[in-house]
Amino acid sequence: MGKTSDLTAVQKTIIDTLHKEGKTQKVIAKEAGCSQSSVSKHINRQAKGRKKCGRKKCTSSRDNRTLQRIVTTNPFKNVGEIHKEWTAAGVSASRTTTRRLMKDMGFRCRIPCVKPLLNMKQRKKRLAWAKDKKDWTDAEWSKVMFSDESKFCISFGNQGPRVWRKSGEAQNPRCMRSSVKFPPSVMVWGAMSSAGVGPLCFLRSRVNAAVYQEVLEHFMLPAADQLYGDADFTFQQDLAPAHSAKTTSTWFKDHGIPVLDWPANSPDLNPIENLWGIVKRRMQYARPNNAEELKTTITATWALITPEQCHRLIESMPRRITAVIEAKGAPTKY
């Protein structure tokens, strides 16, 4: 005759069934083929339930709600700062307990998404632009050459402070950092279309109107010949001062190149931003020692971009525009 823990599933079923029928423990033990004490213990355990094991929790539900409120209110604080504020509220818990409870609540330490800082006027213009372009077809977008500058650093490790957030909160405004444009130091200019990418231009000085027009003359025009041949195209650029200068507008008119109207602070609408992201992710394990090695790595990685990748990014334009309309002009996940 075994202990209660040795009872088989069949024996436990027989005991439960006969007990419900009102049989005595002696009869049940004989039918189940076990000791009467095993029957008694099994019946009592089923009636009372097993007591919980382990240490008693050192925090109450109220303490846990306080912790969740602290994390939600200040998601950019580190564990030490959150623990200090929590214990200052009268809670007695270790830093390890603080981290564990935050994890149990669903919070994870993640790198925050970065979105441009938009005022209400810019949002309205973005929304109006998106509504105006919502009926454009893939064929129309394929005639647009997208361009942009991007900064590449020798070290890619400094990504700023992390944020505590739950799954699905990546696009929550309180879990995001706002980005603003600063004067570039070392920048790379590039262009793309649904047919592929054009040649890169490494900018050695601050980009003013004159420098930008040199880039257009020596890099944009060759890119247009490479990507479009003799076919017509529309050029896209953001509203940087050098791009919107009167002399630059005159340059485009003199060369007969139409420029796509573009809303301010809208990198999420520009597919070349995703292309820069692809290049930087591929370069994350590269460790160039100087600027020349960095340029070589960028050029080699840029050359690996395929026309198929560019075509898929161009095809995403209708979805980007729909996302802007649904967000009423606010920044989107793109």
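Q: Hi! Where does Lys 328 lie?
A: Lys 328 sits in the segment after helix H15. Helices (H or I, at least four residues) and strands (E, at least two) are DSSP runs, numbered from the N terminus. This is a predicted model, where local features need pLDDT of at least 70, side-chain atom pairs count only at pLDDT 80 or more, and totals for chains, interfaces and linings use all residues. Residues are numbered from 1 along each chain as its sequence is written, and side-chain values use heavy atoms, leaving out hydrogens and water.

Q: Thanks! Is Lys 328 buried or exposed?
A: Lys 328 counts as exposed, at 65% relative accessibility. Buried means under 20% relative accessible area, exposed over 50%, partly exposed in between (1.4 Å probe, protein chains only).

Q: And what about the phi of Lys 328?
A: Lys 328 has a positive phi of about 55°, although it is not a glycine. Most residues other than glycine have a negative phi.

Q: OK, where is Gly 329, and is it buried or exposed?
A: Gly 329 also lies in the segment after H15 (317-326), and it is buried, with a relative accessible area of 0%.

Q: Which residues does Gly 329 touch?
A: Not counting residues up to four places away in sequence, Gly 329 touches Leu 118, Arg 123, Arg 126, Leu 127 and Val 324. Contact means heavy atoms within 4.5 Å. Gly 329 and Leu 127 are 202 residues apart in sequence.

Q: New topic: how many residues of strand E3 are buried?
A: Seven of the eight residues in E3 (144-151) are buried.
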